[in-house]
Amino acid sequence: MTGVRLQGAVGPKKAVKAAATGGKWYPADDIPRPKHSRKSNKNAPWVRDSITPGTVLILLAGRFRGKRVVCLKALESGLLLVTGPYKINGVPLRRVNQTYVIATSTKVDVSGVDVSSFDDAYFAKDKGQKGESEEEFFANDEAKPAVVPDARKADQKKVDAGVLKAVAAVPQLNKYLNAKFSLSKHDKPHNMLF
């Protein structure tokens with residue numbers, strides 16, 4: 001029956017070969033099978049084509065919404081590493097989700113800025129720090145000031161030095177980064193070119 005073609009109702013079909021083995025084989029119950037894992041085959045996160053290192057972005061959400069920042073690189077998690085620079089508009093080195101930014105056509109040359117030491121682990125919180133107990137939380141009415149480590153301040157200054165040099169090379173870019181983005185009543189953002 002090998003190679004014989006049968007005419008079916010819809011069209012030609014191949015004949016089914018007879019099974020060569022005498023019976024079916026079932027695997028034993030005690031053979032270990034690997035457990036399903038969601039961790040394997042993670043693809044690298046996709047970043048929009050308009051977002052490249054040196055692109056000026058407008059933040060749309062969070063504490064610094066409306067601020068213009070410079071994109072330094074895309075991290076492994078898919079988040080973007082951005083800086084204000086801090087001296088110009090007060091935005092420190094931080095991670096931002098690309099969903100909450102508008103990429104502008106303005107570019108800054110950040111090739112001279114070394115950001116190889118920054119990754120997601122750099123921004124991870126200390127697991128050793130415990131929060132205060134419930135009694136301490138309600139007993140203290142005054143807010144505790146946020147303490148920024150000296151290493152983080154030094155990193156900020158080192159990165160901003162290179163970015164500020166690149167910003168100074170472009171006329172009016174300093175004022176552009178300092179200006180806040182906002183929409184008024186009759187603005188149509190879908191018709192705007194950024």
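Q: How much of the protein counts as buried?
A: Of its 194 residues, 26% count as buried, where buried means under 20% relative accessible area, exposed over 50% and partly exposed in between, with a 1.4 Å probe and protein chains only. This is a predicted model, in which local features need pLDDT of at least 70 and side-chain atom pairs count only at pLDDT 80 or more, while totals for chains, interfaces and linings use all residues. Residues are numbered from 1 along each chain as its sequence is written, and side-chain values use heavy atoms, with hydrogens and water left out.

Q: OK, and how many helices and strands are there?
A: The protein has five helices and seven strands, taken as DSSP runs numbered from the N terminus (H or I, at least four residues, for helices; E, at least two, for strands). Starting at the N terminus, the order of the elements is β-β-β-β-β-α-β-β-α-α-α-α.

Q: What is the strand order in the open sheet?
A: The five strands are arranged as β6-β5-β4-β3-β7 with antiparallel pairing, and two strands pair if DSSP finds at least two bridges between them.

Q: Why do β6 and β7 each have a side without a neighbour?
A: β6 (94-96) and β7 (101-107) are at the edges and have a single partner strand each, so one side of each lacks a neighbour in the sheet. Neighbouring strands here are turned by 45 degrees against each other on average, direction ignored.

Q: How many bridges join β4 to β5?
A: Four bridges connect β4 (residues 68-74) with β5 (residues 80-83), and the two strands run antiparallel; V70 stands opposite T83 in β5.

Q: Which helix packs on that sheet?
A: Helix α4 (residues 150-169) does, touching β4 and β5, and its direction makes about 80 degrees with that of β5. Axes are lines fitted to C-alpha atoms, for helices over the stretch in contact, with angles from 0 to 180 degrees between N-to-C directions, and contact means heavy atoms within 4.5 Å.

Q: Switching to the backbone, which peptide bond is cis?
A: The bond from G84 to P85 is cis, with omega near -5 degrees, and P85 lies in the loop between β5 and α1. For context, most peptide bonds are trans, and most residues other than glycine have a negative phi.

Q: What about phi of Q172?
A: Phi of Q172 is near 70 degrees, a positive value in a residue other than glycine. Q172 sits in the loop between α4 and α5 (173-178).

Q: Is Q172 buried or exposed?
A: Q172 counts as exposed, because its relative accessibility is 57%.
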